[in-house]
Amino acid sequence: MRLSTANPLFRRIFLAAWLVLGPLAASAEVEVSGFGTLGGARSDQDFIYQRYIHDGGTLNRDSLAGLQLDARLTDAWRLTLQAKVAPSTHDDNAWEPTLSWAFLSWRPSNDLLLRAGKLRLPLMLYSANSDVGTTFDFARLPSEVYSLLPTTDLKGLSFARTWLDGEREWMLEGYLGRAHTDWRYHLREDIEPLFSAGTLYLGYDVEMVGAVLSLRDEENTWRLGLHHADFEWDLGPVPSRFPYVSIAPGLGYYQVSEALPGPGLPSIDSYDIYVLTLGAEIALPRDFRLVGEYGRRRFTNATTGPDTSAAYLALLRRVGRWTPYIYCAGIRSHDESLDMIDDLNDTRVPAMIPGAASINAAQRVGSDLLSPYDQYSLAIGTSYSLSPTSKLKAEWTHTRTGRLSTFVDAPASEDSGGRQVNVFSLSYNFTF
């Protein structure tokens with residue numbers, strides 16, 4: 001489903017609502033709140049992990065600050081604005097301010113809520129409040145699961161409908177809209193004039209539609225979501241596969257660029273992606289709590305976007321002001337994708353072949369552009385509630401990569417597979 005023809009309609013609806021409701025803002029009941037995290041992380045390895053983490057330590061991985069304004073315009077209408085300052089989503093060496101939320105909400109009845117503007121996706125259990133560290137006990141939400149899509153925000157429309165069933169509450173949430181986002185890659189080689197070695201951000205226009213069904217009671221939550229995304233590359237059509245070019249029996253390479261000799265790259269206008277999400281938070285006896293989530297990302301029209309599954313399972317226990325926890329997490333691209341990446345990494349043509357150096361470098365770049373995942377983590381940590389509005393958190397995470405992992409920025413002569421990294425994290429989270 002494409003929404004580009006509907007975007008002018010979204011703008012007209014939002015503008016009309018603002019023209020009607022804007023004059024009410026002068027008499028609105030306004031609440032201002034804020035949140036922030038000062039977080040440090042350090043690993044025991046000299047390579048870069050998750051954009052920033054290495055053995056020299058960093059404050060960039062988890063630190064951020066935000067301010068939110070909620071204006072009650074009438075009993076049914078509200079305006080919400082949220083601004084945030086955090087590390088850039090398209091530059092590893094910069095911080096930038098962003099307008100995270102900017103939406104009007106209308107509640108025509110107690111069981112129906114409609115929103116229009118810039119919204120947060122109801123993707124995972126903690127997606128809506130992922131920036132507010134005081135609302136969960138993990139020092140860092142499991143990256144394996146919370147990285148399935150490069151964006152959690154969109155400009156569009158959403159609804160939430162609730163039903164009561166005794167002490168249980170059912171909620172159906174739906175949304176549609178679009179966003180611009182950047183997907184991060186780390187390239188080990190140059191293929192000039194297209195790409196240079198190092199960190200690369202490629203921009204995509206994303207159109208999304210989805211629905212999430214939740215069931216809640218006093219202590220437990222269950223969620224099921226299905227999401228569809230259409231990713232259109234800023235640079236034009238995207239290659240759907242890398243064809244093999246045979247030079248001689250048993251000798252050849254994959255054409256990963258139009259600059260290489262070959263039959264040409266089959267292309268598509270955009271990636272067609274489905275994401276299935278499952279989640280549960282369950283209260284257990286003796287103040288234990290079990291939390292688990294699963295996500296499945298499927299590309300329907302290309303082998304250059306790897307199908308991937310991810311999950312984590314966590315056990316937490318409240319002990320006074322302390323909440324110690326342990327979780328296991330994993331993310332893995334499917335075998336067909338990993339096999340293709342291995343083939344690209346292993347493909348070499350002899351130096352006697354004209355252009356061999358460029359061909360061999362292009363094979364490694366093609367592998368990096370496929371964004372492979374195969375890694376598993378064990379985390380042990382705790383949060384300590386200093387007050388109802390502030391927490392201290394500490395965590396040790398041990399991660400092993402399997403065949404490859406895009407979370408690791410591998411040097412040119414190496415790859416990201418078969419690695420181990422221990423990360424130590426400490427953070428202070430607050431709201432006001």
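Two strands count as paired if DSSP finds at least two bridges between them. Strands themselves are DSSP runs of E with at least two residues, helices are runs of H or I with at least four, and both are numbered from the N terminus. With that in hand, welcome to this predicted model, in which local features need pLDDT of at least 70, side-chain atom pairs count only at pLDDT 80 or more, and totals for chains, interfaces and linings use all residues. Residues are numbered from 1 along each chain as its sequence is written, and side-chain values use heavy atoms, with hydrogens and water left out.

**The chain as a whole**

- The protein chain contains 3 helices and 22 strands.
- Its C-alpha trace spans about 75 × 50 × 40 Å along the principal axes.
- The radius of gyration, taken over C-alpha atoms, can be set against a globule rule of 2.2 Å times the number of residues to the power 0.38. For 432 residues a compact globule would come near 22 Å, and the 23 Å of the protein chain agrees with that.
- Of the 432 residues, 52% are buried; here buried means under 20% relative accessible area, exposed means over 50%, and partly exposed lies in between, using a 1.4 Å probe and protein chains only.
- A contact means heavy atoms within 4.5 Å. Among contacts between residues at least 6 apart in sequence, 63% join residues at least 24 apart.

**Confidence**

- The predictor's confidence in each residue is its pLDDT, from 0 to 100. The protein chain averages 92, and 94% of the residues score at least 70.
- Residues 1–7 have a pLDDT below 50, and this stretch has 14 contacts in the model beyond near neighbours in sequence.
- Where pLDDT is low, the predicted coordinates should not be read in detail.

**Strands side by side**

- Strand 1 (residues 29–43) runs antiparallel to strand 22 (residues 420–431), and 9 bridges join them. Within this pair, Leu38 stands opposite Tyr428.
- Strand 22 also pairs with strand 20 (residues 390–405) in the antiparallel sense, over 11 bridges. Here Thr399 stands opposite Val421.
- Strand 7 (residues 153–165) pairs with strand 6 (residues 112–120) over 9 bridges in the antiparallel sense, with Leu113 opposite Ala160.
- Strand 7 is also joined by 11 bridges to strand 8 (residues 168–187), again antiparallel. Lys155 has Arg178 in strand 8 as its bridge partner.
- The hairpin of strand 7 and strand 8 has 2 residues between the strands, and Gly166 takes a positive phi near 70° there.

**Nonpolar cores**

- A nonpolar core is a set of buried Ala, Val, Leu, Ile, Met, Phe, Trp, Tyr and Cys residues joined through side-chain atoms within 4.5 Å.
- The largest such core has 76 residues, and those with the most contacts inside it are Tyr126, Phe138, Tyr204, Phe231, Tyr271 and Tyr312.
- Apart from that core lies another, of 5 residues, including Leu73 and Leu104.

**Buried residues to look at**

- Ser405 lies in strand 20 and is buried, at 1% relative accessibility.
- The side chain of Ser405 makes a polar contact with the side chain of Gln375 at 2.7 Å. A polar contact is a pair of N or O atoms within 3.5 Å; within protein, one must be able to donate a hydrogen and the other to accept it, and residues adjacent in sequence count only if both atoms are side-chain atoms.
- Leu344 is placed in helix 2 (residues 335–346) and is buried, with 0% relative accessibility.
- Not counting residues up to four places away in sequence, Leu344 touches several residues, among them Phe242, Tyr254 and Leu370.
- Ser240 sits in the loop between strand 11 (238–239) and strand 12 (244–248), and its 14% relative accessible area makes it buried.
- Ser240 and Ser267 are 27 residues apart in sequence, while their C-alpha atoms are 5.1 Å apart in space.

- Most residues other than glycine have a negative phi.
- Arg286, in the loop between strand 15 (271–283) and strand 16 (288–299), has a positive phi of about 60° and is exposed at 63% relative accessibility.
- Asp287 is found in the loop between strand 15 and strand 16; its phi is near 65°, and it is exposed at 54%.
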